[in-house]
Every structure is written in structure tokens, then in C-alpha cells.
Amino acid sequence: MNIPSPNDTRVPTFYETPSPKNMRGIWSWLITYDHKRIGLMYMWAILGWFTLGIVLGILMRVELLQPGGKFVDSQTYNAFFTLHGVIMVFLFIIPGIPAIFGNFIMPMQIGAEDVFFPKINLLSYWLYVLGGILAIVSLFAGGGMPDTGWTFYVPFSTKTHTNVSMATFAAFTLGMSSILTGVNFVTTIHRMRPANMGWKQIPLFTWSLYATAWVQILATPVVGMTLLLIILERAFGIGLFDPSKGGDPVLYQHLFWMYSHPAVYIMVLPAMGVVSDIIPVFARKAIFGYKAIVASSLGIAIAGSLVWAHHMYTSSMSDAAVFLFSFLTFVVAVPSAVKVFNWLATLQGGSIVMAPPLAMCLVFIVLFSVGGLTGLVLGSAGTDVHVHDTAFVVAHFHFVMFGGVGVAFLAALYYWWPKMFGRMYQFKPAYWGLGIFFVGFNLHYVTMFMLGLQGMPRRYYTYVPRFATGNFFAGIAGVVMVLGLAIILWNLIRSLRSPVTAPNNPWGSTTLEWQTQSPPPLENFTKEPVVPNYPYDFPEKPDDIVRV
Ligand code: CU1
């Protein structure tokens with residue numbers, strides 16, 4: 001790649017300095033140990049999967065435009081929602097922020113030249129690719145596309161003749177990748193910081209990855225083993241989940257959600273870290289309650305691991321268990337709300353400079369808050385029983401996962417894009433894209449909340465005629481939402497064709513990754529970065545910010 005230098009002091013970037021053995025061309029990427037190249041390889045793979053997941057989502061909405069299943073048959077629709085879920089959860093949302101920005105940005109935030117285990121990092125990437133390939137193969141290998149939904153609930157998943165074994169093995173492989181990334185990040189954050197960066201000088205994004213990494217290490221093995229048990233059941237019929245052989249299908253649900261609820265926090269915590277890093281920069285003000293945000297990240301990681309059975313109120317648990325899990329679920333809302341209040345308190349009284357990353361964070365706060373508050377409707381058992389397995393639940397977790405984590409992912413792209421590629425993107429289409437996305441998103445999912453309250457079930461290829469208007473409207477709004485998303489991504493990718501112009505620190509940020517050039521050189525820093533006493537100290541006047 002030939003990149004023109006805007007000034008003389010530039011050193012060759014990591015694009016221009018292949019590693020490890022100075023190989024050139026495609027191999028210098030495929031076997032690289034460089035955390036930035038690995039982060040970028042994740043980015044293109046994850047954006048590819050995201051696109052496929054969106055296409056599947058649109059196909060589902062096309063089927064639901066009118067009742068009666070006129071587009072595809074029920075079995076194909078079952079495959080659509082299974083694949084949409086598996087791809088979006090395991091291949092997009094879980095790895096999204098940690099694998100891309102955790103890899104690319106986190107080592108730079110702590111002034112390190114790479115992660116602690118660069119080769120294991122490369123192994124994680126290839127396990128991710130392998131898991132993705134297995135997921136695709138499970139579609140087209142004989143037997144039929146998996147039709148269980150992304151949760152692989154027994155007894156259906158042990159009985160269906162579709163390719164469930166391969167799909168679960170794909171998820172198992174992706175879990176291995178996630179565990180290795182977690183181990184790598186914990187070790188990196190403990191061992192690679194400069195001597196003068198204490199725990200209270202660590203930027204909040206890195207803190208959030210630290211909390212996430214522990215959940216990845218402790219919870220992911222549970223789902224890995226559980227998915228292997230499904231494969232064993234299918235191959236040998238041991239009967240762990242089969243009452244006629246002394247097993248229990250509800251055991252599966254416990255094992256599955258013991259990981260998959262904490263997985264919600266594996267997804268959400270890094271998103272919160274992104275927002276915590278962006279907001280003070282554009283408020284030109286120290287983050288309000290640094291310690292409270294760190295403590296709430298750890299609090300969420302711990303409390304979030306104790307609430308899994310709130311997915312099972314209708315699975316005939318004892319009333320005492322329902323009460324306990326409902327109570328604990330409300331407890332997790334506290335540290336989450338602490339963060340929202342901290343972000344708002346940071347904005348309050350700041351000299352706010354509006355830019356696309358901040359605008360995206362504001363979208364995050366709105367959508368995530370709606371997602372969180374509707375979660376309370378589901379967390380309290382009485383109301384949950386009423387809306388269980390309806391479109392209300394689907395709308396709720398899309399508000400959290402997509403409106404929360406997905407939007408924070410886009411905010412991270414808006415914020416770190418100049419650092420990663422050395423290009424500034426156009427602000428106008430960036431705002432238009434997020435505006436259209438925001439309108440389409442709300443019309444789409446708020447409609448689904450209403451449909452759910454009226455009793456529209458999830459996961460059916462057709463519905464009774466009285467839901468027709470709502471579903472038609474939701475489908476059209478979904479297209480508007482995807483249009484906004486397309487503008488956002490197109491505007492970013494288009495900027496790659498322009499020359500390298502981004503300054504080293506376009507937003508006037510104070511964390512270490514902005515002290516090196518954009519894009520950074522091979523081992524990140526040519527001279528030791530200066531660690532500030534406090535990572536969010538801003539000069540009063542925002543003179544140093546680029547406006548495009
Ligand atoms: Cu949950």
C-alpha cells in the first residue's frame with residue numbers, strides 16, 4: 001500500500017511495515033502477529049457477517065409483510081431466524097467491539113506495543129474464521145439448515161434431523177476463540193502497562209474490556225461444554241436431558257443461560273466502555289465518577305452472572321427461585337443506571353462539541369435506556385409471563401443488543417476510524433445516516449413492542465390477520481433503518497479512497513492511542529507515550545478539534 005505522507009516527521013505505518021518476517025502481500029496479513037492487523041482482519045470479517053445477518057433479518061421481515069407465509073415455507077423461515085440469531089450473536093455482537101477495537105486500540109491505550117500473547121491472538125482469529133466457516137457449512141451440508149433458534153433448546157435440538165451438531169460445534173469453536181481473547185486481554189492489561197500507569201490511570205474502555213475478559217474466561221467454558229453435550233446426545237443418546245432416561249430438559253436451559261445471560265454483558269460492557277471514552281472527549285470535561293464507572297463495570301460482571309434463570313420463569317421453576325432471580329435481575333439494573341447517570345452528568349455543564357461519535361453516543365443512551373427499562377418488564381415475573389415468547393421480547397433485546405451494543409459499535413467506528421485508517425470521513429452523510437437509522441429503528445422496534453403486547457408470538461412464519469397492519473409497518477420501517485445503516489457504512493468505507501489526512505489526534509482526546517500518528521507505526525509508538533495522571537483531563541477551550 002502506498003500512502004502519501006502529509007508531513008516529513010511521519011514514520012512508516014503498520015500498513016507499510018509487514019510482519020512478522022517482513023513478508024509482503026496477503027501472507028503478511030494472514031500470518032501476522034500485529035494486534036492492529038489482526039483487529040482489521042476481524043473488522044472486515046465481522047462487517048461481512050453483519051451484512052449477512054442483516055440480509056437474513058430483511059428476509060424475515062419480507063416473509064412477515066403479510067400473513068399466510070407467501071414468500072417462503074415455515075421450515076425456511078425457521079432457518080432464517082436461527083441463522084440470523086447465530087450470526088448476529090456469535091459472529092457479530094459478541095466479538096464485535098472486543099475483537100476489533102480491543103485488539104486495535106486497547107494495547108495502544110495502555111502504551112503497549114502489542115498484546116501479551118501475539119501468536120495466541122492470531123490463533124483466536126483463525127478459530128473465529130473456522131467457526132464461521134463451520135456455521136456456513138452447516139447450512140449447505142446435507143440434512144437441512146438448522147431450525148432450532150440460536151438457543152438450541154432441548155428436546156427439539158436433540159431430535160431434529162437438521163445440521164444442529166455442526167452448528168453447535170461452530171458455536172463451540174467461536175467460544176474457544178472468545179476464551180483465548182479473554183485470557184490475552186487480562187494478561188495484557190496486567191502485564192503490559194508502563195510502570196507509571198496505575199489502575200486508576202487506565203482508560204475506561206480498557207477497564208470495560210478487563211471486566212469483559214473475566215466473564216469470557218469464566219462463563220464461556222460453560223456454554224462450550226453444554227453445546228458439546230448436545231452433540232453427544234445427538235450422537236449417542238445418553239439421556240442427560242431426557243426424562244425417560246432420568247435426565248431433565250430444564251437442566252439444559254440452566255446450563256445454556258448460565259453463559260448466555262453473562263454473554264449479554266460480554267456484549268454490553270465493551271459498548272459502555274466505548275461510550276465512557278467518547279463522551280468526556282466531546283464534553284471537554286473529565287468523566288463524572290471515574291471510580292463509579294469502573295466499580296459498576298465490575299459490579300455488572302459479577303451481578304450479571306447471577307441472574308440467568310430470568311429467561312426461565314415459564315419453565316416451571318419453584319416460586320422461590322422465580323422470586324430470587326427476579327430480585328437479582330433488578331439488582332443488575334442499578335450499576336447499569338449508575339453508568340447512564342454518569343454519562344449524563346459528564347455532559348451536564350460541559351463545553352459540548354458536536355461530532356458524529358458523540359451524536360452516535362447520544363443515540364446509544366436513548367436506545368439503551370429504552371432497552372434497559374423494558375427489560376424490567378421482563379425481569380418482573382408477573383409481567384414477563386404475559387409477554388413471554390412474544391414480539392415484545394424480540395423488540396426488547398434488539399433495543400439492548402442493536403440499539404445499545406450495535407450503536408456503540410458504530411460510535412467506535414466513528415471515533416477511531418481516523419486513527420485506524422488515517423482518513424477523516426464526511427460528517428454530513430455521517431449525521432444523515434445516523435438520523436435515518438434512528439427514525440427507522442424506533443418505528444421498527446416500537447411497533448414490535450406494541451405487537452408483542454397485543455400477543456403477536458415470535459418465531460412463527462405467519463400470524464393471524466389482525467397483526468397484519470403492524471407487521472407491514474414494521475417491515476417498511478426496518479427497510480428505512482437498514483438504509484440509514486447503509487449510508488453510515490458506505491460513508492466510512494468511501495473515505496478509504498481519499499488520501500491520508502487525519503491528524504494524529506483529531507478529537508483532542510487525552511488517552512494514549514492518540515499520542516501516536518494515524519495510522520500508527522508497527523509497534524505503535526516511536527517515543528514513549530506520556531501517561532497523564534488522570535486519563536480524562538481536558539483543556540478548557542476546545543481549540544484543538546478538527547471540524548470537517
Ligand atoms: Cu438474561
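Predicted model: local features only at pLDDT ≥ 70, side-chain atom pairs only at ≥ 80, totals over all residues.
Residues are numbered from 1 along each chain as its sequence is written, and local features are taken at pLDDT of at least 70, with side-chain atom pairs counted only at pLDDT 80 or more, whereas totals for chains, interfaces and linings use all residues. Side-chain values rest on heavy atoms, with hydrogens and water left out.

Helices here are DSSP runs (H or I, at least four residues), numbered from the N terminus. Helix α2, residues 35–64, packs against helix α3, residues 74–104, at an angle of about 155°, with the two axes 8 Å apart; the axes are lines fitted to C-alpha atoms over the stretch in contact, and angles run from 0 to 180 degrees between N-to-C directions. The pair is therefore roughly antiparallel, a term used for angles over 145 degrees. The contact of α2 with α3 has 25 nonpolar, seven polar and two charged residues, where Ala, Val, Leu, Ile, Met, Phe, Trp, Tyr, Cys and Pro count as nonpolar, Asp, Glu, Lys and Arg as charged, and the others, Gly among them, as polar.

Helix α2 also meets helix α5, residues 118–140, where the axes come within 10 Å and cross at roughly 15°, so that α2 and α5 are roughly parallel to each other, the term for angles under 35 degrees. The crossing of α2 and α5 is left-handed, as is the passage of α2 across α3, which is to say that the near helix is turned anticlockwise from the far one by less than a right angle.

In the loop between α2 and α3 lies P67, which is partly exposed at a relative accessible area of 22%; buried means under 20%, exposed over 50%, and partly exposed in between, with a 1.4 Å probe and protein chains only. P67 and M23 are 44 residues apart in sequence, and their C-alpha atoms are 57 Å apart in space.

Helix α7, residues 164–191, has 28 residues, of which 21 are buried, so it is largely enclosed by the rest of the structure. At 1.5 Å a residue α7 should span 40 Å, which agrees with the 41 Å between its end C-alpha atoms, the expected span being 1.5 Å times one less than the number of residues.

The copper ion is coordinated by H261 through ND1 and by H310 and H311 through NE2, at 1.7 to 2.0 Å; donors are N, O and S atoms within 2.8 Å of the metal (3.2 Å for Na, K and Ca), and because water is not among the atoms, sites may look incomplete. The donor residues are spaced H-x48-H-H in sequence.

How values were computed: Helix = DSSP H or I, 4+ residues; strand = E, 2+ residues; numbered from the N terminus. Parallel < 35°, antiparallel > 145°, perpendicular 65-115°, else oblique.
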